[in-house]
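Please read the notes below with the sequence and the model open beside you.

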Amino acid sequence: MNKRGHVLNAVLLSIGIGYIIQPSGDVETFRTIAEVSVPIVLGALFPDVDTAFGKHRKTLHNLLVLGVVLAYPIYFDNLQFVWIGVVTHYVLDVFGSKRGIALFYPLWDEEFGLPIGVNVSSKWADAMMLSVTAFELAVAAFIVYVLPAEIQAQGQQAVGLRAVEGLQQVVVFL
Ligand SMILES: [Zn+2]
């Protein structure tokens, strides 16, 4: 995917995430969009720095770099949303090009792509970018709305199980 595609994807993703986190459509929604958009766009631009420094599609297109970006909020309490931009850059390079990326670089040079990947300059590139964006927003909505309820339900189940086990122990004791 070219720079234009990466930026458009990051901007649309930021707007979508703003509405997913704050669906009210008021000042809070726009505040959230402002909060996430610049970090996500910067993250989406970052991997292609390896066109100038290192080997393109390898040096900054791998899981190690993603891990480093993910560690920043934990260790330094900054760059909170940059990882989203890096992830979406990887996804778009896998789907939106024929070539793929070296996910396990520097351990392994092999570049992983998809047979359905469309050419960067083809007329399908924008359609692919929009489809990837829609898919990512569905995943984001799942993480924000479905997953917490799921975890909570499982937690309640676990509490229920512990209660049953406790009762069994009491029965055995008696
Ligand atoms: Zn790239």
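1. A nonpolar core is a set of buried Ala, Val, Leu, Ile, Met, Phe, Trp, Tyr and Cys residues joined through C-beta atoms within 7 Å, where buried means that 20 or more other C-beta atoms lie within 10 Å of a residue's own, exposed means 12 or fewer, and partly exposed lies in between, with C-beta atoms placed from the backbone. The model is predicted, and its local features need pLDDT of at least 70, side-chain atom pairs count only at pLDDT 80 or more, and totals for chains, interfaces and linings use all residues. Residues are numbered from 1 along each chain as its sequence is written.

2. The largest nonpolar core holds 24 residues, of which Ile 40 and Met 129 touch the most other members. Two or more residues come from each of helix H1 (3-21), helix H2 (27-45), H4 and H5, and H4 gives the most, with 8 residues. Helices here are DSSP runs (H or I, at least four residues), numbered from the N terminus.

3. Beyond its neighbours within four places in sequence, Met 129 is in contact (C-beta atoms, placed from the backbone, within 7 Å) with residues including Met 1, Leu 8 and Leu 92.

4. Helix H4 covers residues 82-95, and because 12 of its 14 residues are buried, H4 is largely enclosed by the rest of the structure. Among the buried ones are Trp 83, His 89, Asp 93 and Phe 95.

5. Val 146 is found in helix H5 (residues 125-173), and Val 146 is exposed because 10 other C-beta atoms lie within 10 Å. Its C-alpha atom is separated by 24 Å from that of Val 11, 135 residues apart along the chain.

Notes:
Expected span 1.5 Å × (residues − 1). Contact = placed C-beta atoms within 7 Å.
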